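Dear colleague,

Here is the structure I promised to pass on. Below it you will find my notes on what the coordinates show, for you to check against your own reading.

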Amino acid sequence: MWQDRSEDSIAAQVTYFSGHKGEVNCCAFSPDCQLVLTCSDDGRLYLWRLSNGKLVAKVHGHTGPVKRCTFSKDGCLFASASHDCTTRVWSTSPIQCIHVLAGHLRSVETVTFSLDGRSLVSGGWDNLALLWDIHTGLKLKQFCGHSDAVQSSAFSTDSQWLATGSWDHTVKLWSLSGDEEVVTLTGHQGNVVCLCFSTTGMLASGSWDGTVRVWSLLRHECVFVLGGAERVWVKSVAFYRDGSVLASTAEADKVRVWDMADGRCVKCLQGHKDSAYGCVFSPTGALLTSGSDQLDLVGHKLAVLLTVKCPPSKHKD
């Protein structure tokens, strides 16, 4: 991904987005790379202008910590999951709440839009994953099977599969196109807190056991076990757009980049002064953003933008 792989770590160009009064739990890029969305334990979502780092809007509505945020593929909507037991769907222009999805009995920990733009999934401490119709706000389906909290979710790039990760240490694959039996992926020894599909038929899962596991969707088996030596909690995983590398953050001050050809760690990106949290590549692949537990001079939590040099994607738009 970077031309010089002889160095184990690099200092990326860093931009700080300061304002939250609680831990920054998640960051998301708008599809056009014009906006960055952050959410926090302070109960708010902030929209930032990527070009200059200026705050565009403070989004209010949740009555508890906001655990997850994400944009729809077309950028017209964004969604948030909260400890207040609700999922909210917001329009981007004008910024307003269009659906309050109230179906969970406990904290909602994850929310993800399907890539076909028709639905979203939420999961929470009630051990359930719920599928919602984006346009009507109605619940379409309920997924039962985990024996503990659902903390992560992801749709496959063809919107045919849903993956959920749980505190029961398992990943479950649910078919959205038929009545196929659910597939359970085992191997983690801790809570599965982050998931990401690649465009090349792989699924990455990160766990509090300190490892990232990369699975083959075709064979339903583990291909790589990444990390684990430091025993730090993995916080987030994100595939580069062509699936060639995977980024991960953990309860440490580095963002690691892994080569998907052989499972090697090829870079450690430095820029945080405290634990790195959520990470995601921009749609173009040119930028990587991650949240931080770092404080600024007036006590605000920071979202930290790490700018990395990436090659052109192999995929055509």
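**Notes on the model**

A polar contact of 2.7 Å links the side chain of Asp242 to that of Ser244, a polar contact being a pair of N or O atoms within 3.5 Å, where within protein one must be able to donate a hydrogen and the other to accept it, and where residues adjacent in sequence count only if both atoms are side-chain atoms. This is a predicted model, in which local features need pLDDT of at least 70 and side-chain atom pairs count only at pLDDT 80 or more, while totals for chains, interfaces and linings use all residues. Residues are numbered from 1 along each chain as its sequence is written, and side-chain values use heavy atoms, with hydrogens and water left out.

Asp242 sits in the loop between strand 23 and strand 24 (245–250), strands being DSSP runs of E with at least two residues, numbered from the N terminus. With a relative accessibility of 9%, Asp242 counts as buried, a word that here means under 20% relative accessible area, with exposed meaning over 50% and partly exposed in between (1.4 Å probe, protein chains only).

Another buried loop residue is His62, with a relative accessible area of 9%, placed between strand 6 (55–59) and strand 7 (66–71). The side chain of His62 makes a polar contact of 2.7 Å with that of Ser80 and one of 3.0 Å with that of Asp84. Leaving out residues up to four places away in sequence, His62 touches Gly43, Leu45, Ser80, Ser82, Asp84, Thr86, Arg88 and Trp90, where contact means heavy atoms within 4.5 Å.

Leu203 stands opposite Phe197, and its bridge partner in strand 21 is Trp215. In the hairpin of strand 19 and strand 20, which has four residues between the strands, Gly201 takes a positive phi near 85 degrees, while in that of strand 20 and strand 21, with three residues between the strands, Gly210 takes a positive phi near 90 degrees.

Finally, there are six aromatic pairs, counted where rings of Phe, Tyr and Trp (its six-membered ring) have centres within 6.5 Å, with planes under 30 degrees apart called stacked, over 60 edge-to-face and the rest tilted. Phe143 and Trp174 form a tilted pair, at 5.2 Å centre to centre and 55 degrees between the planes. Phe143 belongs to strand 14 (residues 139–143) and Trp174 to strand 17 (residues 171–175), so the pair ties together parts that are 31 residues apart in sequence. Both Phe143 and Trp174 are buried.

Conventions:
Pairing = 2+ DSSP bridges.
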